[in-house]
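Hi,

Here's the structure I said I'd pass along.

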Amino acid sequence: MAELVTPAERRRLFTLLSPAYLWLLVAVFLPLSAMLFFSFLTDMPQDAPDWGVTLGNYAEFLTNPTYSTLLAKSLKLAVTVTFFCVLIGYPCALVLAKSIKGRSREALFLMVILPFWSNSLVRIFSWAIVLRGNGVLERAINFVLPFDVRLNLMFTTDAVVIGLVHSYLPYVILTLYLALQAVDDDLIDAARSMGASKLTILRRILLPLSLPGLLAGAVLVFVPVVGSFMEPRILGGRMGTYYGTVIEDQFVAVYNWPLGAALSFILLAVVIVILAAASPVLKRAQT
Amino acid sequence: MKSAFLLSLSALALSASGALADEIRVLNWQGYGTDLDWSLKAFEEATGHTVVHEYFNSEQEMLTKMRTNPGAYDVVLVNAIYNPQATEEGLLAPIDTSALENYAGIPADFAESDLVTEGGEVYGVPWTWGVTSFAVNTQVFDPVPDTLDVLWDPAHAGRVSIRDDAVEAMQIGALATGQGINDIQDLDAVKAKLEALMPQVRTFWGSENDWNQYMAAGEFDVATYWSGSAARSAAMGLPVEFVVPKEGAIGWLDSLTIPATSEHKEAAAQFIDWMIDPEFYVKWDAEGAPASANADAAAALDETAFNRRVLGDPEVAARVQFQTPVDDDTRQQYLEIWQALKAAQ
């Protein structure tokens, strides 16, 4: 396509694109390269005059089993959260796209997007209030049920999953909604007229056709959850040590920026490998 | 006495080299004594100097800020175990203690400690000290326990908390296994002891604010804590009592220092003198303060005040082991043990 544009068009393209690329260069590329540079240092230059270049920070990941254990734990968390987001989000998106029309759809949409408008820290702290012992949830349940219920959800892995699912559910619903809405209603009608059951329609028509949206949503959830640190720290209690929290510690508490940067890039590499491994599926879904 | 003191301070201010009204920039933890509004207002009235604050969240951050912003600070709070390192790096200026009226009240143990002096020069004015141990919810405990073992008591499983800090956790473990906090011989014993503590833990706390919220929400029966913070929490109305157990406790000393690059050294010295003034301390203590390093200030407290009643008791003070500097390798080793323990949960 590049060969087809005339010089005038090329100039116009350049003017239109350069603000975005300039912004990306300044806001993403430069800090990221600085971090990459830090990850190969023995010490931060301002802290130690005798700093040098090393691979030790990356070797640390390989020699200390703590980091790989935590990375595995974080990956497992991300898989769990993604699974529940899809499980809850798919029916919701399906109903929004196919069953509800008009104003009530707008109202429901608003409810889906509403969490986006509040600060994520506020959302997590409100979950802390709901989940803690004798908190809002326990009181509500005990108000309805005749017997005493002790959920004790706060400071457990479950609490972390609940908080994260709530935070990331809108991504899945929105991408799935777009994918499902693009499915032609006539296809469903045709299938139904030929006697397909609802389950068959879901399995043979809706699921395959909405797969790109589903995978896009899953990636949008999976990637940030692997590196999440705020939610586990607040909701997870002593179970809340994950790969993300250890990276945060390196930057905030221990002041070992080089190690923190190295751990971050290892995470980035692992995520890229996972996405690359999934790319054949992603490509097939798109065609 | 007050007016005489104020007069002397203003005289000092007038004699100061022309710079009558300096802006002193203080680097400290937030909400830690130097930034009390009433005190700063009185200080400004007395000396004409205004005080602005910048805060740090960890000692490493404090050191980095001093290294990277020369001239930006006039008074910096330095935990005494970081004093030798900061002095060696040339970050601190020697302090002329003869200009400090209240310096004489600081006992030799603190004032002449190796931590805050170097080659006969004073690089830090001992300001406050305190104890890291634990505090209990008095609604749960009657009587208040006198042993560290209560953290490991199965009766309080899931209602215990410790701070998410490798060195502090290891030193608590050292006390519980009967070892010296500054020279832990049997690391495996400490590790095993902490491993046994983990299932007891509800969550880790990070800041005083965390601690107060969890305690107020009834999440903790017993949690490690700092003596000064416990006094503040109790002053806020929380049902807590600080314990210095029979196994001993971790003592720390905070000093006020003047960076070598400060451009307002005389005003900074005046502010430090203000901070170690017994009159200031008594008012601060009413709001919850750590123990003052100035013996005159401690003696000026009401007899019922925690900082005089408990920490002023020589028998209690004898149980306190004061921290000495932890070198980077040991710190790293502690951190690895602590992270491995947390990751295994």
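The contact between the chains involves 17 residues of chain A and 20 of chain B; keep in mind that this is a predicted model. On the chain B side, α3 (59-68) and α15 (328-343) each bring in at least two residues, and α15(B) gives the most, with six. By class, that side of chain B has eight polar, seven nonpolar and five charged residues.

Next, the domains within chain B. The assignment gives domain 1 as 2-129 + 252-312 and domain 2 as 130-251 + 321-343. Their centres, taken over C-alpha atoms, are 28 Å apart. Where they meet, 16 residues of domain 1 of chain B are in contact with 17 of domain 2 of chain B. The domain 1 side gets at least two residues from each of α4 (83-88), β6 (125-137), β10 (249-257) and α13 (306-309) of chain B. That side has 11 nonpolar residues, four polar and one charged.

Finally, β11 (291-292) of chain B runs antiparallel to β6(B) and is joined to it by two bridges, with Ala291(B) as the bridge partner of Trp129(B).

Cheers

Definitions and conventions. Residues numbered from 1 in each chain as written. Chains lettered and ligands numbered in written order. Predicted model: local features only at pLDDT ≥ 70, side-chain atom pairs only at ≥ 80, totals over all residues. Domains from an automatic or database assignment. Contact = placed C-beta atoms within 7 Å. Helix = DSSP H or I, 4+ residues; strand = E, 2+ residues; numbered from the N terminus. Nonpolar A, V, L, I, M, F, W, Y, C, P; charged D, E, K, R; others polar. Pairing = 2+ DSSP bridges.
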